[in-house]
Amino acid sequence: MPPPVFRFAPSPNGYLHLGHAYSALLNFDLARASGGRFLLRIEDIDRARSRPDYEAAIYEDLAWLGIVWETPVRRQSDHLGLYRDAVERLAADGLAYPAFESRAEIARMIEQSPRQPWPRDPDGSPLYPGAAAALSPQQRDAKVQAGEPFVLRLDSRVACRRAGALVWEEEGCGPSGETGSVAARPEAWGDVVLARKETPTSYHLSVVIDDALQGITHVVRGQDLFWATSVHRLLQQLLGLPAPVYRHHGLLRGEDGRKLSKSEQAVSLRALRDEGATPQNIREMIGLP
């Protein structure tokens with residue numbers, strides 16, 4: 001039986017903080033304890049925010065923590081054609097369609113809708129109204145040919161009907177204690193974006209493709225992505241990809257109760273290192289032996 005395969009997949013859009021250290025070290029420890037493999041992946045599809053110096057800092061911080069990974073490291077920006085092929089396959093199967101509204105137009109459509117309160121996804125964002133799904137193929141083609149900007153969205157109703165009931169195996173737990181065999185609820189996310197004009201993929205699409213191609217058997221990540229697994233299971237089913245075992249862990253939070261994040265300027269590992277922290281201190285801070 002092949003060894004289990006774990007991965008840590010940060011985005012190079014800022015410096016790593018204690019929350020990243022927890023996820024990276026947990027994956028690394030689980031890989032070592034099980035005699036498995038540990039892979040590092042750089043998720044840099046957001047070219048506007050990704051920077052080479054942040055990527056270099058990721059390698060430096062992880063090495064300082066004592067983490068060793070296999071090489072070469074997979075960088076998503078090197079495989080955009082692969083993701084584009086998957087999107088085109090979904091579109092050809094009638095599972096994706098172009099949507100032309102801007103974010104401001106979508107917000108205005110929701111505000112003016114008589115259906116209030118407007119439904120929201122598990123992350124709290126309003127669901128896409130679905131106006132473009134009602135356009136005929138001829139109308140969509142005319143808009144594309146006219147050069148109107150668009151994103152490609154998953155037709156969730158068609159996709160869910162075709163995929164049927166889905167579950168995933170959860171070795172951790174969800175926000176409300178969900179564990180074991182968890183029923184996926186992809187319909188709760190509506191018609192998610194699969195690709196944009198400037199980026200031929202999205203997080204949801206690229207992560208399931210990468211996990212399959214890298215042979216990831218165990219996905220260990222934060223609880224903030226627990227219900228996003230529903231979308232991932234749907235895409236895995238539609239694309240004929242294997243489903244790994246999932247383990248969602250609790251999130252490290254600041255004094256204000258919010259999860260640590262780059263956008264909230266969480267203290268970086270390199271800042272803690274400059275202040276004299278050791279790798280053992282970091283383990284003590286995040287509660288790992």
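The exercises below, each with a worked solution, concern a predicted model.

**Exercise 1. Salt bridge of D211**

Find which residue forms a salt bridge with D211, and state where the two residues lie and whether they are buried or exposed.

Solution. 
1. Begin with the side chains: D211 and R7 meet in a salt bridge, with 3.1 Å from N to O.
2. A salt bridge requires a side-chain nitrogen of Lys or Arg within 4 Å of a carboxyl oxygen of Asp or Glu, so a distance of 3.1 Å qualifies.
3. The structure as a whole holds 16 salt bridges.

**Exercise 2. Two further salt bridges**

Solution. 
1. Buried means under 20% relative accessible area, so R273 counts as buried at 17%.
2. E60, with a relative accessible area of 41%, is partly exposed.
3. Exposed means over 50%, so D78 is exposed with its relative accessible area of 52%.
4. R75 has a relative accessible area of 27% and is partly exposed.

**Exercise 3. Surroundings of I67**

Locate I67, decide whether I67 is buried or exposed, and list its contacts beyond neighbours within four places in sequence.

Solution. 
1. I67 sits in the loop between helix 2 and strand 3 (74-75).
2. Its relative accessible area is 3%, so I67 is buried.
3. With neighbours within four places in sequence set aside, I67 is in contact with A24, L25, F28, F38 and L62.
4. The C-alpha atom of I67 is separated by 9.0 Å from that of D29, a residue 38 places away along the chain.
5. The loop between helix 2 and strand 3 also holds P72, which a cis peptide bond joins to T71, with omega about 0°.

**Exercise 4. The loop between helix 4 and helix 5**

Describe S113 and P117 in the loop between helix 4 (103-112) and helix 5 (137-145).

Solution. 
1. S113 is placed in this loop, and its relative accessible area of 16% makes S113 buried.
2. A polar atom of the S113 side chain lies 3.1 Å from the backbone nitrogen of R115.
3. P117 lies in the loop between helix 4 and helix 5 too.
4. The peptide bond that joins Q116 and P117 is cis, with omega about 0°.

**Exercise 5. From strand 4 to helix 6**

Describe how strand 4 pairs with strand 5 and what the buried residues of helix 6 pack against.

Solution. 
1. In strand 4 (residues 96-99), A96 and P98 point one way while Y97 and A99 point the other way, and all are buried.
2. Strands 4 and 5 run antiparallel and are joined by four bridges.
3. One of the bridge partners is V151 in strand 5, which pairs with A99.
4. In helix 6 (residues 156-163), the residues S156, V158, A159, C160 and A163 are buried.
5. The buried residues of helix 6 pack against strand 5 (151-154) and helix 8 (229-239).
6. Just after helix 6, G164 has a positive phi of about 80°.

**Exercise 6. Helix 3 and helix 8**

Classify the crossing of helix 3 and helix 8 and name the residues that make the contact.

Solution. 
1. Two packed helices are described by the angle between their axes and the distance between the axes.
2. The axes of helix 3 (residues 80-92) and helix 8 come within 11 Å and cross at roughly 80°.
3. Angles of 65 to 115 degrees count as roughly perpendicular, so helix 3 is roughly perpendicular to helix 8.
4. Helix 3 makes the contact through A86, R89 and L90, and helix 8 through L235, L238 and L239.

How values were computed:
Residues numbered from 1 in each chain as written. Predicted model: local features only at pLDDT ≥ 70, side-chain atom pairs only at ≥ 80, totals over all residues. Heavy atoms only, no water. Buried < 20%, exposed > 50% of the residue type's maximum accessible area, 1.4 Å probe, protein only. Contact = heavy atoms within 4.5 Å. Pairing = 2+ DSSP bridges. Polar contact = N/O pair within 3.5 Å; in protein donor to acceptor, adjacent residues only side chain to side chain. Axes fitted to C-alpha atoms, helices over the stretch in contact; angles between N-to-C directions. Parallel < 35°, antiparallel > 145°, perpendicular 65-115°, else oblique.
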